[in-house]
Amino acid sequence: MEKKKIDRINFLAKKKKEEGLTEDELKEQRQLYEEYLEGYRRNLRSTLGNTVIERPDGTRVSLSKKK
């Protein structure tokens, strides 16, 4: 996510605490949060997808999605 968008998220969060947000700002904040969280989740999935567990017997097992 771009630094500009993260700065906007922080600005809106600070403004919300201090004086409140308009309806348009609340919509923008929700959209920016969703975009941020999606990027975070995508990054985490990628990291976990490349993670390997090495067992004491020396075997290596990739992490898999639980059912």
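Trainee: Leaving aside neighbours within four places in sequence, what is E35 in contact with?
Mentor: E35 is in contact with M1 and K5. Contact here means heavy atoms within 4.5 Å. Before we go on, this is a predicted model, where local features need pLDDT of at least 70, side-chain atom pairs count only at pLDDT 80 or more, and totals for chains, interfaces and linings use all residues. Residues are numbered from 1 along each chain as its sequence is written, and side-chain values use heavy atoms, with hydrogens and water left out.

Trainee: Thanks! Where does E35 lie?
Mentor: E35 lies in helix α2. Helices (H or I, at least four residues) and strands (E, at least two) are DSSP runs, numbered from the N terminus.

Trainee: Is E35 buried, exposed or partly exposed?
Mentor: E35 counts as partly exposed, at 33% relative accessibility. Buried means under 20% relative accessible area, exposed means over 50%, and partly exposed is in between (1.4 Å probe, protein chains only).

Trainee: And K5, where is that found?
Mentor: K5 is found in helix α1. With 27% relative accessibility, K5 counts as partly exposed. Not counting residues up to four places away in sequence, K5 touches L32 and E35.

Trainee: How far apart are the C-alpha atoms of E35 and K5?
Mentor: They are separated by 9.6 Å, and the two residues are 30 residues apart along the chain. For K5 and Y36, 31 residues apart along the chain, the C-alpha separation is 8.8 Å.

Trainee: What does K5 form with E35?
Mentor: K5 forms a salt bridge with E35, and the closest N and O atoms are 2.7 Å apart. K5 lies in helix α1 and E35 in helix α2, so this pair ties together parts that are 30 residues apart in sequence. A salt bridge is a side-chain nitrogen of Lys or Arg within 4 Å of a carboxyl oxygen of Asp or Glu.

Trainee: How many salt bridges does a search of the whole structure find?
Mentor: The search finds 6 salt bridges. One of them joins K15 and E25, where the closest N and O atoms are 2.7 Å apart. K15 lies in helix α1 and E25 in helix α2, so that pair ties together parts that are 10 residues apart in sequence.

Trainee: Are those two buried or exposed?
Mentor: K15 is buried, with a relative accessible area of 17%. E25 counts as buried too, at 13% relative accessibility.

Trainee: Which side chains meet in a salt bridge at 3.7 Å, N to O?
Mentor: Those are the side chains of E54 and R60. E54 is exposed, with a relative accessible area of 53%. R60 counts as exposed at 59% relative accessibility.

Trainee: Back to the helices. At what angle do the axes of α1 and α2 cross?
Mentor: The axes of α1 (residues 3-18) and α2 (residues 23-49) come within 10 Å and cross at roughly 135 degrees. Axes are lines fitted to C-alpha atoms, for helices over the stretch in contact, and angles run from 0 to 180 degrees between N-to-C directions. The two helices are therefore oblique to each other. Angles under 35 degrees count as roughly parallel, over 145 as roughly antiparallel, 65 to 115 as roughly perpendicular and the rest as oblique.

Trainee: Which residues make the contact?
Mentor: On α1 they are K5, R8, I9, L12, A13, K15 and K16, and on α2 they are E25, E28, Q29, L32, Y33, E35 and Y36.

Trainee: You listed Y33 there. What does Y33 touch?
Mentor: Y33 touches I9 and A13, not counting residues up to four places away in sequence. Y33 is found in helix α2 and counts as partly exposed, at 33% relative accessibility.

Trainee: Last one: how far apart in space are Y33 and R55?
Mentor: They are 38 Å apart, C-alpha to C-alpha, and 22 residues apart in sequence.
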